[in-house]
Amino acid sequence: MELTVKTEMFGAAAWVTLNRPRKKNAFDGAMMELLEQTIRELEADSSVRVIILSGAGHCFCSGGDLSTMLDGTDPRTVAERQRDLASCGAAVRAIRDCSKPVIAMVEGYAIGGGFAIALACDVIFAAESARFSSNFLHVGLAPEMGTMYLLTQVCGPYRAKELWLSGRRIGAAEAESFGIVSRVLPEDSIADETRAFADLVAGLTQNPVSIMKRCVNSGALSSLGAALAADMQNLPVCWQDEECQSYMASHFRKKP
């Protein structure tokens, strides 16, 4: 049986692929458990410095697999559904809390829970074909998987509520204008561009990168004073880090 989440290594970059292309990478609880496990294992692997997350078949993720719910054959109890939902939330948290940068490469659809997975990442590169929708209300569900927090943080409450209420799909260019997407790239070059950016990130010193991600994602920078206090706490750690010292020496050594 083929894994629903696959990992390939490209140097110091781990490329994680949601691998259920016949279902447009729609996920269930077991798939999200595997995604969480994969991310946590990669975080613990010292040879990995950056993670790329994408979907097989030129589609990122069409959200949760609702097929059994829609045809009335879902055998799960309420407790089982809650466990599956907890697995989904745990995968989102693993991505968000990972000390290593996670880059989402979105082709095709990022819908519902698939959109939430992309939002949990640190950077989103979108192909021109990408389509985003947070359509929970239009399938009878409240926004889940942390979407109410993540989307509001990215584009503000009014824009987020309009997207939930309308359920509309937005293209890559509009998502970029909302601050959701970092870059919009052509179909034929997005994989190479993503790899190149991952290589750039992998070349940075890890401690400052993880400090930046933790501070931004934790909400520790709620004011200028908080940001300055974080500087006082974190910068001495960088100065004492051997990798940071080596990096500074190699980049700022005076040339003869």
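1. A pocket here is an open set of grid points, where a 1.4 Å probe fits, with protein on both sides within 12 Å along at least five of seven lines; its lining residues have an atom within 4 Å of a point. The model is predicted.

2. Take the second largest pocket. It holds about 520 Å³ of space. Its lining counts 26 residues. Nearest the centre of this pocket lie R96, C121, D122, V216 and N217.

3. Which helices and strands each supply at least two residues of that lining? Two are strands: strand 4 (102–106) and strand 6 (123–127). The helices are helix 5 (147–155), helix 8 (190–202) and helix 9 (206–218). Helix 9 gives the most, with 5 residues.

4. Of its residues, 18 are nonpolar. Another 5 are polar, and 3 are charged.

5. Helix 5 also meets a neighbour. Its axis and that of helix 4 (residues 113–120) come within 10 Å. They cross at roughly 55 degrees. Angles of 65 to 115 degrees count as roughly perpendicular and those under 35 as roughly parallel; the two helices are therefore oblique to each other. The crossing of helix 4 past helix 5 is left-handed.

6. Which residues make this contact? Helix 4 brings F115, A116, L119 and A120. Helix 5 answers with T147, L150, L151 and V154. By class, the contact has 7 nonpolar residues and 1 polar, with no charged ones.

Methods
Residues are numbered from 1 along each chain as its sequence is written. This is a predicted model: local features need pLDDT of at least 70, side-chain atom pairs count only at pLDDT 80 or more; totals for chains, interfaces and linings use all residues. Side-chain values use heavy atoms; hydrogens and water are left out. On a 1 Å grid over the protein atoms alone, a cavity is a set of points where a 1.4 Å probe fits but cannot get out, and a pocket is an open set with protein on both sides within 12 Å along at least five of seven lines; lining residues have an atom within 4 Å of a point. Grid points are joined across faces, edges and corners, and a volume is the space filled by probe spheres set on the points. Helices (H or I, at least four residues) and strands (E, at least two) are DSSP runs, numbered from the N terminus. Ala, Val, Leu, Ile, Met, Phe, Trp, Tyr, Cys and Pro count as nonpolar, Asp, Glu, Lys and Arg as charged, and the others, Gly among them, as polar. Axes are lines fitted to C-alpha atoms, for helices over the stretch in contact, and angles run from 0 to 180 degrees between N-to-C directions. Angles under 35 degrees count as roughly parallel, over 145 as roughly antiparallel, 65 to 115 as roughly perpendicular and the rest as oblique. A crossing is left-handed if the near helix is turned anticlockwise from the far one by less than a right angle, and right-handed if clockwise. Contact means heavy atoms within 4.5 Å.
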